[in-house]
Amino acid sequence: MFSKKLFAQRLQEIRKLHHETQRELGVVIGTKANNVSEIEGGKKTTTAENIAKICRHYHISADYLLGLSDDPQGGCERWTEEEP
């Protein structure tokens with residue numbers, strides 16, 4: 001089951017693992033740092049399109065980010081670097 005808290009925690013962890021600021025992630029998904037802060041704080045979520053951008057950017061699976069799997073790389077081998 002989806003957990004906003006787990007989503008927020010995993011997003012923050014993966015962003016910090018890549019040494020990026022909230023501002024830098026905001027550029028990737030087309031939003032401001034304060035919106036990223038609210039997402040990471042569990043106050044709000046984001047769109048499916050932004051989740052896809054986050055997953056592609058960090059090369060992680062959406063299932064992992066959404067808390068549906070504990071495998072960060074599950075299914076990522078199908079991705080290409082090109083945008084569809």
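From the N terminus onward, the elements of the protein chain follow the order α-α-α-α-α. In this predicted model, the chain accordingly contains five helices and zero strands. Of its 84 residues, 29% are buried. The accessible surface amounts to about 5,500 Å², and carbon and sulfur atoms account for 51% of that area. Among contacts between residues at least 6 apart in sequence, 52% join residues at least 24 apart.

The description may begin with helix α1, which covers residues 4-17. This helix has 14 residues, and the distance from its first C-alpha to its last is 20 Å, close to the 20 Å expected at 1.5 Å a residue. Which residues of α1 are buried? They are Phe 7, Ala 8, Arg 10, Leu 11, Ile 14 and Arg 15. An α-helix has 3.6 residues a turn, so residues three or four places apart point the same way. The buried residues of α1 pack against α2, α3, α4 (48-58) and α5 (62-65).

Leu 17 also belongs to helix α1. Its relative accessible area is 60%, and Leu 17 therefore counts as exposed, the cut-off for that class being over 50%. Leu 17 and Tyr 58 are separated by 41 residues in sequence, yet their C-alpha atoms are 9.7 Å apart in space.

Beyond the end of α1 comes the loop between α1 and α2, where His 19 is found. Just after α1, His 19 adopts a positive phi of about 55°, although His 19 is not a glycine. Is this residue, His 19, buried or exposed? With a relative accessibility of 71%, His 19 counts as exposed.

The next step concerns the packing of two helices. Helix α2 comprises residues 22-29 and helix α3 comprises residues 33-40. They pack at an angle of about 100°, and their axes lie 8 Å apart. Because angles of 65 to 115 degrees count as roughly perpendicular, α2 is placed in that class relative to α3. Which residues of α2 and α3 meet? On the α2 side are Gln 22, Arg 23, Leu 25, Gly 26 and Ile 29, and on the α3 side are Ala 33, Val 36, Ser 37 and Glu 40. Sorted by class, the contact of α2 with α3 is made of four nonpolar, three polar and two charged residues.

Helix α4 covers residues 48-58 and is one of the helices against which the buried residues of α1 pack. Cys 55 lies in helix α4. Its relative accessibility is 2%, and Cys 55 therefore counts as buried, a class that requires a value under 20%. Cys 55 and Leu 11 are 44 residues apart in sequence, while the distance between their C-alpha atoms is 9.7 Å. Leu 11 is itself one of the buried residues of α1.

The loop between α4 and α5 contains His 59. His 59 has a positive phi of about 55° and is not a glycine. How does the accessibility of His 59 compare with the limits of the classes, and what class results? At 34% relative accessibility, His 59 counts as partly exposed, because that class lies between the limits of 20% and 50%. Helix α5 (62-65) is another of the elements that the buried residues of α1 pack against.

Conventions
Residues are numbered from 1 along each chain as its sequence is written. This is a predicted model: local features need pLDDT of at least 70, side-chain atom pairs count only at pLDDT 80 or more; totals for chains, interfaces and linings use all residues. Side-chain values use heavy atoms; hydrogens and water are left out. Axes are lines fitted to C-alpha atoms, for helices over the stretch in contact, and angles run from 0 to 180 degrees between N-to-C directions. Helices (H or I, at least four residues) and strands (E, at least two) are DSSP runs, numbered from the N terminus. Angles under 35 degrees count as roughly parallel, over 145 as roughly antiparallel, 65 to 115 as roughly perpendicular and the rest as oblique. Contact means heavy atoms within 4.5 Å. Ala, Val, Leu, Ile, Met, Phe, Trp, Tyr, Cys and Pro count as nonpolar, Asp, Glu, Lys and Arg as charged, and the others, Gly among them, as polar. Buried means under 20% relative accessible area, exposed over 50%, partly exposed in between (1.4 Å probe, protein chains only). Accessible areas come from the Shrake-Rupley method with a 1.4 Å probe; for residues, only the protein chains shown count as cover. The expected span of a helix is 1.5 Å times one less than its number of residues.
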